[in-house]
Amino acid sequence: MYEFKYHRPSTVRQAANLLIKNEDAKLIAGGHTLVPVMKQRLAAPPHIIDLSHIEGVDGIEMKGRSLAIGALAKHAAVASSPIVGEAIPALAELAGLIGDPAVRHKGTIGGSLANNDPTADYPAAVMALGATITTNKRKLKPEEFFQGLFTTALEADEIITKVSFPVPKKAAYIKFRNQASRYALVGVFVARLPSGVRVTVTGAGSDGVFRVEEFEAALQKRFSPKALDGLTVPAEGLNSDLHGSAEYRAHLIGVLAKRAVEAANNRA
Amino acid sequence: MTASPRNGTRTKRVHMAKISMIVNGNPVTGNIDPRTLLVQFLRENLRLTGTHVGCDTSQCGACVVHLDGKAVKSCTTLAVMADGHEVKTIEGLAADGAPLHPMQEAFREHHGLQCGFCTPGMIMTAVDLVHRKGHDLSDHLIREELEGNLCRCTGYQNIVASIAAGAKAMAKSDLA
């Protein structure tokens with residue numbers, strides 16, 4: 001790693017001020033993306049701002065008909081929360097599939113979203129459920145927030161504080177893990193909301209999470225795996241690498257979408 | 001002396017950090033380069049070499065310790081972020097000369113190791129697993145929960161058996 005100065009703000013405002021004062025500073029929460037990247041010298045921020053000691057930003061609660069999760073909530077907390085388990089069990093399951101138990105004790109939802117790794121799991125849930133991302137400056141919808149590979153709408157002094165998920169009628173997330181890295185080779189989130197059906201895909205797209213409108217329309221008519229019979233996703237624009245060709249990923253999307261619908265229907 | 005992308009030459013270290021934490025029940029302090037990983041602080045500053053660096057990329061779990069009672073990968077944790085917190089390493093499971101912790105004893109009895117390199121991480125992960133999921137652990141659950149721990153010697157069979165036995169034994173012991 002290259003040298004840096006470590007800062008430990010006690011409030012979000014202090015953290016934002018540190019970002020303004022130090023142009024190339026990076027935020028750290030769980031550190032399980034930033035520390036490995038710094039160890040490989042792929043990033044060398046001269047200032048690190050530790051968010052993990054700021055209190056009150058890791059709560060999990062129902063706010064009306066929305067599930068509000070603080071940005072610093074750890075994956076382990078979301079996975080084991082009875083509130084999440086009751087309101088959106090698919091989200092608890094998704095959190096429980098991230099990394100491994102030790103990683104889940106550190107990783108945060110805010111960190112996952114701010115990083116927007118194209119194989120991360122949370123973006124699929126956020127886009128499928130139409131969640132609202134609240135920062136210290138404004139509220140953002142998923143379509144505005146996710147802007148491509150490792151890119152979000154967050155400004156230089158902007159910090160995610162909370163993510164609010166509308167509660168779906170039914171939902172499920174199926175993750176097909178890369179055998180080596182255990183990240184999503186393809187992950188599909190299906191949600192049946194009062195406003196309609198959403199199908200989102202992570203891992204496969206070269207630009208990050210995306211919706212499959214054709215699947216959504218078919219499932220809107222009939223929320224059953226059979227509704228997806230014969231429907232395919234074009235391989236164009238999907239990732240192709242040693243772990244799987246674009247065609248393989250396209251095929252997987254169809255398979256996983258059907259499994260997700262079945263899983264959503266099978267939930268009591 | 002440290003190189004930096006900003007000047008490429010030898011520079012004086014200007015950003016040292018004073019830290020203090022409780023390790024295995026004892027207060028410790030250090031004055032360290034902020035780049036110091038928790039695993040380095042434990043092994044090199046405190047000479048607690050039971051925690052191992054395996055992959056150094058947060059996959060293998062040889063570096064697992066307990067931070068505020070929860071299993072974390074110390075190779076992916078900065079020591080400065082643990083400032084003010086509590087750490088328990090494999091050495092902290094049982095006092096020197098005292099009887100082994102029930103999970104350690106289970107690994108001994110059920111031959112849960114060969115070279116022993118992954119073992120401290122396996123045991124620390126296992127103890128955390130019992131704290132989270134209780135004393136009656138199915139083989140399937142144990143295998144899933146070992147997602148973050150790799151062993152190159154054993155094929156995991158006896159590790160799983162040791163953890164199941166250790167979990168039961170922990171129910172009858174004061175040693176958490």
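Tutor: Happy to. Domain bounds here come from an automatic or database domain assignment, and for chain A that assignment gives domain 1 (60–166) and domain 2 (170–266). Before we go further, this is a predicted model, in which local features need pLDDT of at least 70 and side-chain atom pairs count only at pLDDT 80 or more, while totals for chains, interfaces and linings use all residues. Residues are numbered from 1 along each chain as its sequence is written, and chains are lettered from A and ligands numbered from 1 in the order in which they are written.

The centres of its domain 1 and domain 2, taken over C-alpha atoms, are 19 Å apart. Their contact takes 21 residues from domain 1 and 22 residues from domain 2; two residues are in contact if their C-beta atoms, placed from the backbone, lie within 7 Å. On the domain 1 side, α5 (89–96), α8 (122–129) and β8 (146–148) of chain A each give two or more residues. Such helices (H or I, at least four residues) and strands (E, at least two) are DSSP runs, numbered from the N terminus. The largest share of that side, 6 residues, belongs to α8(A). By class, the side holds 15 nonpolar, 4 polar and 2 charged residues. Ala, Val, Leu, Ile, Met, Phe, Trp, Tyr, Cys and Pro count as nonpolar, Asp, Glu, Lys and Arg as charged, and the others, Gly among them, as polar.

Now to the part I'd pick, chain B. Its secondary structure comes to 5 helices and 5 strands, running β-β-α-β-β-β-α-α-α-α from the N terminus. An open sheet of 5 strands has the order β2-β1-β5-β3-β4 (chain B), with mixed pairing; strands pair if DSSP finds at least two bridges between them. At the edges, pairing on one side only, are β2 (26–32) and β4 of chain B. From one strand to the next, the twist averages 40°. Strand β3 (residues 64–67) of chain B pairs with β4(B) in the antiparallel sense over 4 bridges, and Val64(B) has Lys73(B) in β4(B) as its bridge partner. Packed on the sheet is α3(B), touching β3 and β4 of chain B, with its direction at about 40° to that of β3(B).

Here chain A comes back in: 25 residues of chain B are in contact with 20 residues of chain A. On the chain B side, the elements giving two or more residues are β4 (70–73) and α3 (119–133). The largest share, 4 residues, comes from β4(B). That side has 9 nonpolar, 10 polar and 6 charged residues.

One helix pair in chain B deserves a look too. Helix α2 (residues 102–109) and helix α5 (residues 157–171) of chain B pack at an angle of about 140°, with their axes 8 Å apart. Axes are lines fitted to C-alpha atoms, for helices over the stretch in contact, and angles run from 0 to 180 degrees between N-to-C directions. Among the α2(B) residues in this contact are Met103(B) and Phe107(B), and α5(B) meets them with residues including Ala165(B) and Met170(B). The residues of the contact divide into 7 nonpolar, 2 polar and 1 charged.
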